[in-house]
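Please look over the fold, the cores, the salt bridges and the surface of this protein. A short report is wanted.

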Amino acid sequence: SLRARARDAAGAVSIRIYGRDAADSEFAARVWRAMWYRDGEWTLGVSRQQLAEHEALLLLLAERADIRVPEVVAVGATKTGDVLLVTRDGVDHVPLSTLPPTDVDDALLDALWHELRRLHDAGLSHGHVDAARVTVADGDRPGFTDLAGGAMSPSRLQRRIDIVEMLVTTALISGPDRAVAAAVRTHDRDALVSSLTTIQPVALARELSLDVRRSDLDLDALRSSLAEALDVEVPEPVNLRRVRWRDVLMTLLALVAANALIGWVTSIDLDTLVDELSDASVGWLLVALVVSQLTNVAETVSMKGVVTTPLPWGPTLQFQYATSYIGLAVPSDAGRIAMTIRYLQKLGVPTRVAIGQGPFTTVFGYVIDAVLLLVTMQVVGTSLDLPDDADLSRFITLLVILATVVVIGISTVFAVPKLRRRILPAVKETVLELKSSLTDPDRAAMLLGGIVVRKLLFALTMASMLHAFGEPLPLATVIFVNTAVSWFAGIFPVPGGIGVAEAGFVVGLTAFGVSEPVALAAALGHRLVTAYLPPIAGFFAMKRLERDGYL
């Protein structure tokens, strides 16, 4: 909408012009917010007349509640269909943004919070609190302008967003400490506590978010300061987005992986696959099940070796099952790293070491993967037999997508100064903090030995599966295939590697002469005992760890 200034017989007035573009923009904004944000509401559309009437009604209701807002002079329409909202500002009221920071004392900060509470008590929300839309005047209470984004009978989230925007606005003007102190002095404590999870960039209107970026105000530190002043634990930010770009990317990647797997499944005679499954050796299937569970023991050993703080054996073993459960919800390595940090912090491990442990062991895992591939490649190199008409287009597609994502990610880190300053020092600090894991022989043996044994146990699980279906391969070959697939599925951002791992196993096993029905049956069996059954126990393990205070 456009804004203009004019004068009538009583003095200066403000004119807000709602044209076709304003209605279209508002409709597009509502659809976009409904698609991407949890607080968005689906509406078929809104007319220019409705936009003007909405703001006029909010102003009238606020004025009736004795809140300092512009006076509604008139609402009218032009011959071209544009709708006008004419208001008159308070004579002495000026935007807060026009005041120098030195003029913003604690009394004014307290008054701003009092007025926001009055607005909420009147059953209204503002929807866009910033220094340009808050007005102040000598000898009078502060007020608000531009209630176009406000709401009647606002939801709890809309009230929390008002509180967060007021906190951020005052922090930008007076500094975080004074802003937090004013909020705690004047506003409802329960409302402030409930707003802690909403202090995040996505909760802010676009202009205010840009102001935060330009000022380098740390919202995480602001949330921590408010939590400390309220004497409560710092909560995790609530997810305000309905959909994130990462979710879209992961869905697309999962579809590509699923398409590859479906392609192999549909190319195989299902009757033949059923026969292979029914003829499998039950004894070897049981061996595969037992061996696959021993991987959690090896993972527990390696985790105990990476930190100097003693870790309890039982809870740490349960923790390995818990990570298998969380791996189905988020990309496996990312979920495991985040959960590991939380677990170690609960056990008293320093935060820096806890944060570095996950990436540290993951990187070492990739290094050991590379070593296993190089060693076994010398043995299996002459056994690799790809048919002349082999169709690897699906597999190549996965590789190209993965390589593109990795290159873009690394390039972004080095190209964006803010990311570079945040990530590279953390990597260097992690290496320095955790280098003792390699210089201490006992810890190095536990760390590296646990990782190697875990990977070999996964390979032995696949070897047992192949024996169960009657087409065994040499152990070196199985290690090569299992390592290649686990490395590929681990870095591919699909939850639990679903679809990616199965497709990789089919490609790898058939390349070494295993028939497609057996390769698919072995892949599904391997994934069943290593990825799909453990999360069942992992759910109960996570609940017990949470109950016992380990998560």
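## Model and conventions

This is a predicted model: local features need pLDDT of at least 70, side-chain atom pairs count only at pLDDT 80 or more, and totals for chains, interfaces and linings use all residues. Numbering starts from 1 along each chain as its sequence is written, and side-chain values use heavy atoms, without hydrogens and water.

## Overall make-up

The protein has 22 helices and 9 strands. These are DSSP runs, numbered from the N terminus: helices are H or I with at least four residues, strands are E with at least two. Of the 551 residues, 44% are buried. Buried means under 20% relative accessible area, exposed over 50%, and partly exposed in between (1.4 Å probe, protein chains only).

Areas come from the Shrake-Rupley method with a 1.4 Å probe; for residues, only the protein chains shown count as cover. Take the contacts (heavy atoms within 4.5 Å) between residues at least 6 apart in sequence: 74% join residues at least 24 apart.

## Nonpolar cores

In soluble globular proteins, nonpolar side chains tend to be buried together. Here the largest nonpolar core has 51 residues. A core is a set of buried Ala, Val, Leu, Ile, Met, Phe, Trp, Tyr and Cys residues joined through side-chain atoms within 4.5 Å. Leu-96, Trp-113, Leu-167 and Val-168 have the most contacts inside this largest core. Helix H4 (residues 156-174) gives the largest share, 7 residues. A second, separate core of 30 residues includes Ala-459, Val-506, Ala-519 and Ala-521.

Which residues does Leu-167 touch, leaving aside its neighbours within four places in sequence? They are Trp-113, Ala-179, Val-180, Ala-183, Ile-199, Leu-222 and Leu-226. Arg-223 sits in helix H8 (residues 219-230). Arg-223 is buried, at 6% relative accessible area.

## Salt bridges

The structure holds 19 salt bridges. The criterion is a side-chain nitrogen of Lys or Arg within 4 Å of a carboxyl oxygen of Asp or Glu. Asp-66 pairs with Arg-118 (3.6 Å, N to O). Asp-66 is in the loop between helix H2 (48-64) and strand E3 (71-77) and Arg-118 is in helix H3 (residues 106-121), so the bridge ties together parts 52 residues apart in sequence. Asp-66 also meets Arg-141 in a salt bridge (3.6 Å, N to O). Arg-141 belongs to strand E8 (residues 140-144), 75 residues from Asp-66. Asp-66 is partly exposed at 40%, as are Arg-118 at 30% and Arg-141 at 24%.

Arg-178 bridges to Asp-106, with the closest N and O atoms 3.1 Å apart. Arg-178 lies in helix H5 (residues 176-186) and Asp-106 in helix H3, so this pair joins parts 72 residues apart in sequence. Elsewhere, salt bridges with shared partners connect Asp-66, Arg-68, Glu-115, Arg-118, Asp-140 and Arg-141 into one network.

## Surface patch

A nonpolar surface patch is formed by Val-282, Leu-286, Leu-289, Tyr-325, Leu-528, Leu-533, Ile-536, Phe-539 and Phe-540, with about 810 Å² of accessible area together. Patch residues have over 30% relative accessible area and no salt bridge; like charges are joined within 9 Å, nonpolar side chains (Val, Leu, Ile, Met, Phe, Trp, Tyr) within 5 Å. Helix H11 (282-306) and helix H22 (534-547) are the elements that give two or more residues. Leu-533 lies in the loop between helix H21 (516-532) and H22. Leu-533 is partly exposed at 37% relative accessibility.
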